[in-house]
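Open the model in your viewer and keep the selection tool ready. The stops below go in order.

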Amino acid sequence: MRLILFATIMLLSVSTFAQKLEYSVLFHGIGDNREYSREYATPQTILGERSSFEIGTTLEEKHQFRVGLSHMYEFGSEIDDLKPKLTAYYRYSDNRKTFYFGAFPRMNLINYPLALLTDTLNYYRPNLEGMYGEYKWVWGNQSGFVDWTSRQTDNKRETFMAGFSGKIQLSSFFFENYLLMFHYANKGIQLEGEHISDNLGMALFLGSDLEKIVPLKRAYIKVGFLESSLRERGITGGYITGLSFIGEFYGESKDFALKTTFHQGNGHNLMNGDRFYDAESYLRTDIYWKFINYDNIQGRFNISFHLINGSTLDQSQQLSLVYKFGNTSN
């Protein structure tokens, strides 16, 4: 209720002083059925919807202020089982630079390999809470973010995530870099057996776009390596590391797409990534069907096959329905 009252006051303030009142509403329908064995991942079904709205104004075409709420409702639960998330941020953008500060939507802004950041973060943690910056050149871009995930109290740990990513494009060839750090500190009142943890992950890729040689809307192939490091201060004495080969193929037509990812090497321990990459060998194939494809509404269904260590075959199905409307494109 305090969040709703605060957002209402902010909305009234913005609407009073704004030169032009801008708004956007987002509905995200979520269906995620995971038929997993329990060796690496938890079998579960996530079915629900996330509704969010933002309201604000833009000054001099570069400075934006937004405030709103985002709420996830899981079907079969009570409406207040999950608390609404406050959205409130400043955004600056021009032809080369983009900067966010505050609590702002993650969707379509942060796009890391699932090995580093699992897609369930879009369900339960829709906002980044901190800052984000991106700089673009004609040949590529680099971006970085800080996401403060928990403030330290007597009985809560301090945690935050930070990352850098980017792409360099030279004709049909490209290089991608991803670096992620997660810091897991102690509570205000430290308990025996608790230790500060540092978790690092890095992925580097070399790839090539294939649209010129295959009759597809979009296609690429890329190969590289995935590295992870975990240190629990006072326990490990140093970093426990993992290194593996990782490759990916993607092909997309008008209504369908195919994506295959392969990882082979050491198992990893990445706190915010998919647990399948804890295995030494993992092959994932996704088949996508875009059953609704308009400017303001996109519906997608995909079935995924997960082959772990060459012997265990799991599967999952995901349905996503995103409907967005308002008087702003941002």
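**A tour by selection**

Begin with strands E12 and E13, which form a hairpin with 3 residues between them (strands, E, are DSSP runs of at least two residues, numbered from the N terminus). This is a predicted model, in which local features need pLDDT of at least 70 and side-chain atom pairs count only at pLDDT 80 or more, while totals for chains, interfaces and linings use all residues. Residues are numbered from 1 along each chain as its sequence is written, and side-chain values use heavy atoms, with hydrogens and water left out.

Select 240-252 and 256-265: E12 and E13 run antiparallel and are joined by 9 bridges (two strands pair if DSSP finds at least two bridges between them). Glu-248 stands opposite Thr-261 in E13.

Next, select Tyr-112, Leu-116 and Phe-145, the residues with the most contacts inside the largest nonpolar core, which has 29 residues. Such a core is a set of buried Ala, Val, Leu, Ile, Met, Phe, Trp, Tyr and Cys residues joined through side-chain atoms within 4.5 Å; buried means under 20% relative accessible area, exposed over 50%, partly exposed in between (1.4 Å probe, protein chains only). E5 (97-105), E6 (127-137), E9 (173-184) and E10 (197-209) each supply at least two of its residues, and E9 gives the most, with 3.

Show Tyr-220, Tyr-250, Ala-257 and Tyr-288 too: they belong to a second, separate core of 5 residues.

Finish at Trp-148 in strand E7. Trp-148 counts as partly exposed because its relative accessibility is 37%.

Methods. Helix = DSSP H or I, 4+ residues; strand = E, 2+ residues; numbered from the N terminus.
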